[in-house]
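Please keep the sequence and the structure in view while reading.

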Amino acid sequence: KRQVIGDQEHVVEIKQLEEEFLRLEQGNVTMREYTAKFMEKDSFVNFYVSIEERRVERYIWGIRTIVR
């Protein structure tokens with residue numbers, strides 16, 4: 001039973017990281033900080049952005065509009 005609970009908690013954590021990745025935007029942080037957050041979360045969600053072109057699109061989408 002403990003293993004099942006542990007597995008469920010792990011799945012929830014991964015889902016939270018995926019959601020954070022999909023909602024990630026630069027906001028008021030520097031490009032360096034945004035890039036670091038993007039790379040951190042990107043390593044957990046290869047399923048969503050497995051193609052390099054989609055990773056680049058996702059990265060650019062999160063940058064402040066004025067910078068794009």
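Leaving aside neighbours within four places in sequence, lysine 41 is in contact (heavy atoms within 4.5 Å) with Leu17, Glu20 and Phe21. This is a predicted model, in which local features need a pLDDT of at least 70 and side-chain atom pairs count only at pLDDT 80 or more, while totals for chains, interfaces and linings use all residues. Residues are numbered from 1 along each chain as its sequence is written, and side-chain values use heavy atoms, with hydrogens and water left out.

Lysine 41 belongs to helix H2, residues 31-42, where helices are DSSP runs of H or I with at least four residues, numbered from the N terminus. Lysine 41 has a relative accessible area of 11% and is therefore buried; on this scale buried means under 20% relative accessible area, exposed means over 50%, and partly exposed lies in between, with a 1.4 Å probe and protein chains only.

Across the whole structure, a search finds 2 salt bridges, each defined as a side-chain nitrogen of Lys or Arg within 4 Å of a carboxyl oxygen of Asp or Glu. Side chains of opposite charge can pair when their charged atoms come close.

| Salt bridge | N to O distance |
|---|---|
| Arginine 23 and glutamate 19 | 2.5 Å |
| Glutamate 20 and lysine 41 | 2.8 Å |

Glutamate 20 lies in helix H1 and lysine 41 in helix H2, so this pair ties together parts that are 21 residues apart in sequence. Arginine 23 and glutamate 19, by contrast, both lie in helix H1 (residues 2-23), 4 residues apart, which is about one turn of the helix. Arginine 23 counts as exposed at 60% relative accessibility, and glutamate 19 counts as partly exposed at 36%.

The largest nonpolar core is made up of 7 residues, namely Phe21, Leu24, Tyr34, Phe38, Val45, Tyr59 and Ile63; such a core is a set of buried Ala, Val, Leu, Ile, Met, Phe, Trp, Tyr and Cys residues joined through side-chain atoms within 4.5 Å. Valine 45 touches Leu17, Glu18 and Phe21 when residues up to four places away in sequence are not counted.

As for confidence, the chain averages a pLDDT (the predictor's confidence in each residue, from 0 to 100) of 80, and 81% of the residues score at least 70.

Technical notes
Helix = DSSP H or I, 4+ residues; strand = E, 2+ residues; numbered from the N terminus.
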